[in-house]
Amino acid sequence: MAANGQQSSRTQTRRRNRNKNVLHKIKNGHITGLGMTRGTQIPVALLEERDKRARWQGIPLLLRRLHESSHTHSDLTKTHNMVKELSSLLSMEAMSFVTEDRKTPQESVSPNTYTFDLFGGVDLFVEILMRPTLSAQRDVPIMSDDLIKDCLSVLYNCCICTEGVTKSLAARDDFVMFLFTLMSNKKTFLQTATLIEDIMGVKKEVIRLEDIPNLASLVQSFNQQQLANFCRILSVTISEPDVGVDDKHTLLARNSQQKVTVSPSRAESNQVALLNIPGFIERLCKLATRKVSEASGTAALLQELEDWHSWLDNALVLDALMQMAIEEAEQSSTESSDEGSLSSSPLRHTLPQSMKIVHEIMYKVEVLYVLCVLLMGRQRNQVHRMLAEFRLIPGLNNLFEKLIWRRQPSSHALHRQNQNCDCSPEISFKIQFLRLLQSFSDHHENKYLLLNSQELNELSAISLKANIPEVEALVNTDRNLVCDGKKGLLTRLISVMKKEPVDSSFRFWQARAVESFLRGATSYADQIFLLKRGLLEHILFCIIDSGCKSRDVLQSYFDLLGELMKFNIDAFKRFNKYVNTEEKFQTFLGQINSSLVDSNMLVRCIVLSLDRFEGQTEDVKVVEVLSECRLLSYMAHVENRLSFLFRLISIINENVSCLNTSLVVLMLARWRAKLPFYLNALRQKEFVEKYPGYLLNNFHQLLRFWQHHYLNKDKDSTCLENSSCIPFTYWKETVTVLLSSDRSSLCAIASYIDDAYRDLDRDFLEV
């Protein structure tokens, strides 16, 4: 008996080892491509023997039968039956993965999907889908739409449940291009788009849109809902890795970006390909500004958005609902026009009102993102002309109170430009809307389209009263393309900005959008327009009195305040009226000094403005403000300017903007023949701090970097000149003087570093 028990135990052990050996051989075949690479190579008897014990649910046997019966002239009905049988074994695992919000695939949680992939199911389904395109024979049976949809759904389930499947599909360029051809079929569009979106998210290299067969005709064949869905895919293909990088990015990162930039990049080529598609931008503008069909009582139902968003963040769930809408609509009546098809669907009347709004919002997010990226590309002027012509801004203005900002949302975490956002659709929509406004207004004459006709007249009146010429861009603005209604989009934005809760990170994006309207050549009329709407007092309240602790929000307010006050004596007068006690002024200074990286643009504005006002002493109002304004009086003290300069140079390694602010202080000193005094003061400060040579050596190397960066003739040099009103030639001359190797020059940094501490030959870019 004991011997029989031992023999039985040994038999079970051998069986388990044999089972492990089978799996090991298949796994090894996947890696090496040699030997046993798929389950169909395993004898049927062995599969049957091991199936129950290994809990394979008959999947390997089903795959073997499917492989044997699926060929060029196979019975597609039988093939489809087996596909559906396999699909039923995998679908519950996929739904469980989605609804339980799992982050990473696990074999123990999705054993059926794992087994399916291990025994070659993914490769087999790719073969089945692509077989008609690979056959040279003409009489190949046509696959039904339902068979294609089921195959795609199985592949998508594998992507979300089994690690590595998405990447392996992404590596097959032929399959990726094939998927795009399936998008021309309305019946299979949804499943195809969902799978492509997943694949694009992990693909190492951006695809070339020009490689997609018949791209223009494909896109033109999409209805409005399909085009909105397609934008989710496009967003990956047209985005650069550093979308949104601005002048406040680190020095080394900007230098690295310049070195690796290949002109044009694949993303830029894809942007051009899209712009060449007739009617593409016009249709996006229609999508972005399309109104939602709303029933009564939607205000209360909109509260449901927060409850829905955890489900709706998954595109598969939302799109499945909308696919049901399409199918029901087709059963009840002939599909109407593109834009009417969604609203005419029976399901539109059975879904909660908030669901209807969320659907429209989610697709608007994708459309606005694509438009935003195009606005930041090399074809920016072409895109601007199109957006103006197709009245994007007036359309968004009409949606502002009805959809975009119909209520104050709950608080949320701030996501910077390149971060993945897990916010609700409503919050994502607001952020993308504000990003679009920022990109649209920044350094472009079309910014005046954000106003209505009455507001444009107000700007003209401000210029007339101040006896200054109107800005050329304002004069050239086409009044037929500006906003309608009682308020323009900019005024509406300022209104909600002033009502925003203290802890809301929307403040960051709102301030960025308004600041972009002011950026570029300083316009007195633009500043007064915003001052009359109480913007300066609101900003000062947020900085001094609101208790705001967010560094990002405070930085955006410092930058906006700098643009609002620059060279504007009325703004400094209003500042002094609000900051009317020493306690308030010290609180304000404390906020500036707590992070000079964040506030350096405001410091630059104050220094530049003070220099201009000191040259206007014949103006009684200027003299009055100079004598009364705490802020100007503080900056007028040389020791305070030197303190800012020393600290700015100490932190320059972090920030391009700090380097330029330091240069502004030294350029103005040079203009007034005080540069030697400032350089000597920096030298003395080094010795006091017991780090002789450190500061000036580092500054010398950074100025060499500045030459390398700005003398490449990119747009940055124009931005510097416009924002400072200092000719770029003077910027270059000052840097050259500071970097002079002539130690007899009192304006050369080298003259203020003792031999024992000199380290001027070290390359900052290699440190």
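Let me start with Thr-734, which, once its neighbours within four places in sequence are set aside, is in contact with Met-667 and Arg-670. Please keep in mind throughout that this is a predicted model. Thr-734 belongs to helix α41, which covers residues 728–738, and its side chain reaches back to the backbone oxygen of Tyr-730 at 2.8 Å. Is Thr-734 buried or exposed? Its relative accessibility is 0%, and because buried means under 20% relative accessible area, Thr-734 counts as buried.

Helix α37, residues 656–671, and helix α41 have axes that come within 10 Å and cross at roughly 85 degrees. The two helices are therefore roughly perpendicular to each other, since an angle of 65 to 115 degrees is counted that way. On the α37 side the residues that meet α41 are Asn-660, Leu-663, Val-664, Leu-666, Met-667, Arg-670 and Trp-671, while on the α41 side they are Tyr-730, Trp-731, Glu-733, Thr-734, Val-735, Val-737 and Leu-738. Sorted by class, this contact has 10 nonpolar, 2 polar and 2 charged residues.

Helix α41 also meets helix α39, residues 694–710, and in this case the axes come within 10 Å and cross at roughly 145 degrees. The crossing of α39 and α41 is left-handed. Which residues make the contact? From α39 they are His-700, Leu-703, Trp-706, Gln-707 and Tyr-710, and from α41 they are Phe-728, Trp-731, Lys-732, Val-735, Thr-736 and Leu-738. By class, the contact of α39 with α41 has 7 nonpolar, 3 polar and 1 charged residues. If you compare the two lists, you will find Trp-731, Val-735 and Leu-738 of α41 named in the contact with α37 and again in the contact with α39.

Let me now step back to the whole chain. Its secondary structure comes to 41 helices and 0 strands, and buried residues make up 53% of its 767 residues. Among the contacts between residues at least 6 apart in sequence, 76% join residues that are at least 24 apart.

The C-alpha atoms of Phe-178 and Met-130 are separated by 7.4 Å, although the two residues lie 48 residues apart along the chain. Beyond its neighbours within four places in sequence, Phe-178 is in contact with Leu-129, Met-130 and Thr-133, and at 8% relative accessibility Phe-178 counts as buried.

For a helix that is mostly covered, look at α26, residues 489–499, where 8 of the 11 residues are buried. Among them are Leu-489, Leu-490, Ile-494 and Met-497, and also Arg-492.

Most residues other than glycine have a negative phi. Arg-391, however, has a positive phi of about 55 degrees although it is not a glycine, and Arg-391 sits in the loop between α21 and α22. Asn-467, in the loop between α24 and α25, likewise has a positive phi, near 60 degrees. How exposed is each of them? Arg-391 counts as partly exposed at 27% relative accessibility, whereas Asn-467 is exposed, with a relative accessible area of 70%.

Conventions
Residues numbered from 1 in each chain as written. Predicted model: local features only at pLDDT ≥ 70, side-chain atom pairs only at ≥ 80, totals over all residues. Heavy atoms only, no water. Helix = DSSP H or I, 4+ residues; strand = E, 2+ residues; numbered from the N terminus. Buried < 20%, exposed > 50% of the residue type's maximum accessible area, 1.4 Å probe, protein only. Polar contact = N/O pair within 3.5 Å; in protein donor to acceptor, adjacent residues only side chain to side chain. Contact = heavy atoms within 4.5 Å. Axes fitted to C-alpha atoms, helices over the stretch in contact; angles between N-to-C directions. Parallel < 35°, antiparallel > 145°, perpendicular 65-115°, else oblique. Nonpolar A, V, L, I, M, F, W, Y, C, P; charged D, E, K, R; others polar. Left-handed = near helix turned anticlockwise from the far one by under 90°.
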